[in-house]
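Dear colleague,

I am passing on the structure below, together with some notes on what turned up in it. Please read the notes with the coordinates open beside them.

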Amino acid sequence: DPALLADLSPTPSHLAAATGGAYLQDNGLLCYIDAATAALVPLCAAPSCAHDGAECTAWLYGQPGFRAFAADGESLYFFRTPVYDAGAGETASDDAFPALVRTDPSGADARVLYRCASGESLSLSGIDSAADCARDRDHLYFFTTLTQDGAGLVPRLMTLTLSTGEVTARPLPPLAQGQQTAPPRFAGVWGRRLLLEQDTYTLGAADAESGVFAIENQTTHLFALDPATLEAEALCEVPPDYLDAAAGQYGVHTVSDGVLYSFRYPSFDEGLPGGYVLTARDLASGEQRTLFEAQRHAFPGTVDYTFPPAFLAGQIFFSLRQDEPEFGGAPSSTPDPDAASFSLWAVGLAAGEARDATVPCVWSTGAQGVLMPRALLSGGLILAEAGATLTPATQVWEDGTVTRDPDIQRNYVLIPLDDLLAGRNASAAVARA
């Protein structure tokens, strides 16, 4: 049914998968990776452009909050946050508030479709692009929060009609009940309803030095929301993604085809029990089953928190770091990456089968790393990171001061999913145009 909501694949906030390729931010430029040619090109239609200033349509420097989050084959939609004048310490007048921007595949026709008003802000999850929006055939949905006297922060569901570019705002009715509630975020889709998450918590004692209150009793709730009527149904609680100290585990979760998948993995603290557990909960029946379970020492090493586990292409991928022991003892929790070896593992969501998906690569430091899958593209191709290169970035301030700070340039490759799952190095490097 084409009217059913279309799920967005979870991707890092700097990348948005699309048919035939992926959009991403690369070295401060809005770029596109073409899966057919394995080329990375800036989204700039100007001939002979050097891509080094604001006149370039792909230029994104000064906008650290950029998020590409949806692509439908004809357009790319993304957020732009305020551009600040570092010298004056003020917000530029022509970009004073966050905005939703649409551009065509060439990058030549970027238009602001919605700009937040005073007292209004975009509600970004800080997790990944799929938590920031959802879409169906005719609409794209996102959240803003509006400050209102006597009501505090009021979350609003924003609906963009793709055919007209019109954005409508509706106050979101209360979802979870608790002493304190966090802003809602998207968790996926289920039939014709949006799946939303919201955290509830209580405030503990304030820290003596900072005055910041401790967050206690945090619980994540899952809801199904009808985008037409705004009627919400409470479905279940979601296992927390933060550290569960009693169990010695962290977690990640996703929803696909009406099933909530939760993956728990051990903390690096050897003093906690921990272990690996993958469960599947049917949202319609409430039935939950365990797909995979293993003790914390079943795999060689500890989970690498630089690349948290991620659901992609029907798998849960997680990277392990095997450190050289300190003085013949236990591995260090903060090791030198150059003295560690890495591996990549995948557990299938269908059968719960674990596979060694390690494909080695060499990082810019000369250390041995592994390919890290980032997005599933058309034709069964996986876009993966093959480490990163640090390049100097020059910043000239108003007072004439010049600073040079390292800028991260991610190295990408394309590899067939079957080859990655088999640990075969059949990757092709993505070349920058």
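In what order do the four strands of the open sheet follow one another, and is their pairing parallel or antiparallel? The order is E21-E22-E23-E24 and the pairing is antiparallel, where strands (E) are DSSP runs of at least two residues, numbered from the N terminus, and two strands pair if DSSP finds at least two bridges between them. Strands E21 (249–256) and E24 (288–294) stand at the edges with a single partner strand each, so one side of each has no neighbour in the sheet. Direction ignored, neighbouring strands of this sheet are turned by 15° against each other on average, the axes being lines fitted to C-alpha atoms, with angles that run from 0 to 180 degrees between N-to-C directions. Within the sheet, strand E22 (residues 259–266) is joined to strand E23 (residues 276–282) by six bridges, and tyrosine 261 stands opposite alanine 280 in E23.

Before the side chains, a word on the basis: this is a predicted model, in which local features need pLDDT of at least 70 and side-chain atom pairs count only at pLDDT 80 or more, whereas totals for chains, interfaces and linings use all residues. Residues are numbered from 1 along each chain as its sequence is written, and side-chain values use heavy atoms, with hydrogens and water left out.

The whole structure holds seven salt bridges, a salt bridge being a side-chain nitrogen of Lys or Arg within 4 Å of a carboxyl oxygen of Asp or Glu. One of them joins aspartate 199 to arginine 185 at 3.2 Å, N to O, and it links strand E18 (residues 193–206), which holds aspartate 199, to strand E17 (residues 185–190), which holds arginine 185, across 14 residues. Both aspartate 199 and arginine 185 are buried (under 20% relative accessible area, with exposed meaning over 50% and partly exposed in between; 1.4 Å probe, protein chains only).

Glutamate 385 takes part in two further contacts of interest. With arginine 374, the closest N and O atoms are 3.2 Å apart, and this pair links strand E33 (residues 381–396) to strand E32 (residues 372–376), the two residues being 11 apart. Arginine 374 counts as buried because its relative accessibility is 14%, and glutamate 385 does so at 7%. Glutamate 385 also forms a salt bridge with arginine 410, the closest N and O atoms being 3.4 Å apart; because arginine 410 lies in strand E34 (residues 402–416), this pair ties together parts that are 25 residues apart in sequence. Arginine 410 is partly exposed, at 26% relative accessible area.
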